[in-house]
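These are notes for a colleague who is opening this model for the first time. Please read the points beside the sequence and the structure.

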Amino acid sequence: YGAWHEVLWAMYSVDALEARPVTAELAFAPRAYYVLVGATNFASWGGRTKVQSEDLLMALAAANVLDGLFPDLKLTFPRVRKAVQQQAG
């Protein structure tokens, strides 16, 4: 009964409060930040206003993330770039 009473009181109290804007703060590790900036640059160089998955792949390859995650696949930047160019045209 006590918990239910507290829930009802909280619901009543929340209704009386004014909504406040919420701003989320996202922090990125330096390497992740450079991948995001790289993806934005690849999109911009391609004449696009939105980042596409190909841009992220290119940025991940340029940062040697893909090659580090999947060493058996040998996903180097030139290899990924060639595959993206074949796929995207």
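**A pocket and a helix pair**

1. In this predicted model, the largest pocket holds about 210 Å³ of space. A pocket is an open set of points on a 1 Å grid over the protein atoms alone, where a 1.4 Å probe fits, with protein on both sides within 12 Å along at least five of seven lines.

2. The lining of the largest pocket (residues with an atom within 4 Å of a point) comprises 11 residues, and R48, E54, D55, V84 and A88 are the ones nearest its centre. By class, this lining has 4 nonpolar, 3 polar and 4 charged residues.

3. At least two lining residues come from each of α3 and α5, and α5 gives the most, with 4 residues. Helices here are DSSP runs (H or I, at least four residues), numbered from the N terminus.

4. The axes of α3 (residues 53-62) and α5 (residues 77-88), which are lines fitted to C-alpha atoms over the stretch in contact, come within 8 Å and cross at roughly 165°. The two helices are therefore roughly antiparallel to each other, a term used for angles over 145 degrees.

5. On the α3 side, E54, L57, M58, A61 and A62 make the contact, and on the α5 side F77, V80, R81 and V84 do so, where contact means heavy atoms within 4.5 Å. This contact has 7 nonpolar, no polar and 2 charged residues.

6. Residues are numbered from 1 along each chain as its sequence is written. Local features need pLDDT of at least 70, side-chain atom pairs count only at pLDDT 80 or more, and totals for chains, interfaces and linings use all residues, while side-chain values use heavy atoms, with hydrogens and water left out.

Methods: Axes are lines fitted to C-alpha atoms, for helices over the stretch in contact, and angles run from 0 to 180 degrees between N-to-C directions. Angles under 35 degrees count as roughly parallel, over 145 as roughly antiparallel, 65 to 115 as roughly perpendicular and the rest as oblique. Ala, Val, Leu, Ile, Met, Phe, Trp, Tyr, Cys and Pro count as nonpolar, Asp, Glu, Lys and Arg as charged, and the others, Gly among them, as polar. Grid points are joined across faces, edges and corners, and a volume is the space filled by probe spheres set on the points.
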